[in-house]
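Dear colleague,

Please find below the structure that I am handing over to you. My notes on what was found in it follow directly after.

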Amino acid sequence: LDLSSGTVTFPTGVAALTLISTTNVTDGDSYVTLSDVFSSTYDKYILEGINFLPNTDNTAIRGNFQSGGSYNTSSVYDTVVGAISNGSLESWINLNNASYAAFSGHGNQGNGTNEQVNFCIEIMQPSSTSSQKFWRSRDIGYAANGNIAAIFSGGSWTNNAAITGVRFYYSSGTFKTGKLKLYGVK
């Protein structure tokens, strides 16, 4: 790290993160949308969600990928979600051929004070047209029942088309708060 120039030099073989954008959620938003942000510039993208809170109790974060200028809502998403909550390991979601990706929870995020969810989603090779796309997510937050949950999930968009964007929405209701940071990884 060169403090005079602000330059960070990474050793050979270490991935470098580049902050691409920051999106602040507005109270009442139905969607948080990142259009035309994925390209072949990076092999992997990381989406960091900070303090996401819904206006409606008992809900979950879902999403759709953008391809060819529109958001795909056909049955091309497979997702598994598990969690460690209240001292036990639980399987929360197992979706096949769904019309959305389940990015967080299973419909139990609370909307009370301190019930925000923070997540980190990795999307691998979104510009590839030779294979389906995969993502994985790690979340931490409080459920509507007051229990903290460490959530882990992964999924596949079973279409081979390149994806260029993503939009997030709650399974019911709208967003109250949140910030989304997009990073590219080389």
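**Salt bridges and overall build**

Arg 136 and Glu 122 form a salt bridge, with their closest N and O atoms 2.9 Å apart (a salt bridge being a side-chain nitrogen of Lys or Arg within 4 Å of a carboxyl oxygen of Asp or Glu). This pair links distant parts of the chain, 14 residues apart: Arg 136 belongs to strand E10 (residues 133–142) and Glu 122 to strand E9. Strands (E, at least two residues) and helices (H or I, at least four) are DSSP runs, numbered from the N terminus.

Please note that this is a predicted model, in which local features need pLDDT of at least 70 and side-chain atom pairs count only at pLDDT 80 or more, while totals for chains, interfaces and linings use all residues. Residues are numbered from 1 along each chain as its sequence is written, and side-chain values use heavy atoms, with hydrogens and water left out.

Glu 122 also meets Lys 44 in a salt bridge, at 2.8 Å from N to O. Lys 44 lies in strand E3 (residues 44–54) and Glu 122 in strand E9 (residues 117–124), so this pair ties together parts that are 78 residues apart in sequence. Glu 122 is buried, at 6% relative accessible area, whereas Lys 44 is partly exposed at 22% and Arg 136 is partly exposed at 41%. Here buried means under 20% relative accessible area, exposed over 50%, and partly exposed in between (1.4 Å probe, protein chains only). A network of salt bridges links Lys 44, Glu 122, Arg 136 and Arg 138.

The whole structure contains four salt bridges. One of them joins Lys 176 to Asp 27, with the closest N and O atoms 3.2 Å apart. Since Lys 176 lies in strand E13 (residues 175–185) and Asp 27 in the loop between strand E1 (17–24) and strand E2 (32–34), the pair ties together parts that are 149 residues apart in sequence. Lys 176 is partly exposed, at 35%, and so is Asp 27, at 45%.

As to the chain as a whole, it has 13 strands and zero helices. The C-alpha trace spans about 45 × 40 × 35 Å along its principal axes. Buried residues make up 41% of the 186 residues.
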